[in-house]
Amino acid sequence: MGHSHSHGHSHHHHHHSTNNKKALLTAFILIFGFMIVEVIGGLVTNSLALLSDAGHMLSDAAALGLSFLAIKLGEKKATISKSFGYKRFEIIAAWINGLTLLIISLYIFYEAYHRLLNPPEVQSLGMLTISVIGLVVNIIAAFILMSGDKDHNLNVRSAFLHVIGDLLGSVGAITAALLMYFFGWGIADPIASIIVAILILISGWRVMKDSFHILMEGTPENLHPEKIKASLLHINQVEDVHDLHIWTITSGFPALSCHVVLNGDHGHDTVLKEAQEILHDEYAIEHSTIQVEGKTEGCPSHHGTCN
C-alpha cells in the first residue's frame, strides 16, 4: 500500500494570483470612488436607476474588497489545524458576493414596484451626466478585471460579474434618462431598474450555484471520473480503480484521491509514478493521493469494502 501527494503551485499560478490582486485592488479604488459620486447624484436627481446602481456599486466595492482579501488570505501557509491553509475562503467570498447580488436585485424590484405605481419627478439631465460617467468608470473597471484570471478563478469572475451588472445598470440609467428628457416618460426610470435587477439576479444565481458546488465537494465540470478511471486502468498491472473522488479546493486547484489495485504484488512504485504523471499531464491535477493495493491482500478497509 502506498500514498503519494503531489503539491505543485507553479509559477504560472503565482503569476495569476499577482495579476488578480492588482486587478481587484485597482478596480476597488475606482468603483468605491465613483460610488460616492453616484450616491450623491442619485439623491440630488431623485433617480431610482442611479440609486439602485449606486447600491450595486456599493456591493461591488465590498465584493472587490472581499475578493482581494480572499486572495491575500489564500496565500497564507497551511497549518496543522488548516492543512489547506485559507484557500477555500476564496470560494466562500464568491458565494457571499453572489448572495449580495440576489439581495440587491430583490430590493431594486421592491423599490421599482412602488415607483411604477407612483412615478416621481426625476432630474433627467443630471441623471444622464452621472450615468455616462458611471458607464466609462465601469468599462475601465471591467477591462482591469479582464487582466485577471476571470475565466478560471471563481472569485475574480464573481467580482467581474458585479462590475458587468453595474455597467448594464449605467446603460439602463442612460436609456431611462434619455427617454425622460426627450419624451417625459417618468416610468422609464423604474423600468430600467427592473431590467438591470433581472440581469443582476441571473449573475448572482450563477455565482452562488458554482461556489456552492465547490463547497459541497462537487466534481469539477471539466473533469470526468469515468475518463480518468479509464486512463488509470490503461496502466500496466492495474486491474481496478475504486474509491475515486475528485473535488476542488479553490479555483484552479483540483484534488483527487483513489485506490488502485494491482494484479500482482510488485510494481508499486512504477504504477504510482505513471498514475501521477497521467493525472498531472493529461488532467492538470497537481494534488492527488493514491492508495496502491495488492490484489491478494485487497482493500485494507475496516468496513470490508471501499466505495
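Strand 2, running over residues 253-262, is mostly tucked away: nine of its ten residues are buried, where buried means under 20% relative accessible area, exposed over 50% and partly exposed in between, with a 1.4 Å probe and protein chains only. Helices (H or I, at least four residues) and strands (E, at least two) are DSSP runs counted from the N terminus. The model is a predicted one, so to speak of local features takes a pLDDT of at least 70, side-chain atom pairs count only at pLDDT 80 or more, and totals for chains, interfaces and linings use all residues. Residues are numbered from 1 along each chain as its sequence is written, and side-chain values use heavy atoms, with hydrogens and water left out.

On one hand, strand 2 pairs with strand 1 (residues 238-250) in the antiparallel sense, over nine bridges; pairing takes at least two DSSP bridges between two strands. Asp240 sits opposite Val261 of strand 2. The two strands make a hairpin with two residues between them, and Gly252 in the turn shows a positive phi of about 75°.

Strand 2 also pairs with strand 3 (residues 287-294), here in the parallel sense and over eight bridges. Gln291 in strand 3 is the bridge partner of His259. To get from strand 2 to strand 3, the chain passes through helix 8 (residues 268-283), a right-handed β-α-β crossover: with the strands pointing away from the viewer, the path from the first strand over the helix to the second runs clockwise.

Elsewhere, helix 1 (residues 11-45) holds Lys21. Lys21 is buried, at a relative accessible area of 19%. Neighbours within four places in sequence aside, Lys21 is in contact (heavy atoms within 4.5 Å) with Phe68, Ile71, Lys72 and Glu75.
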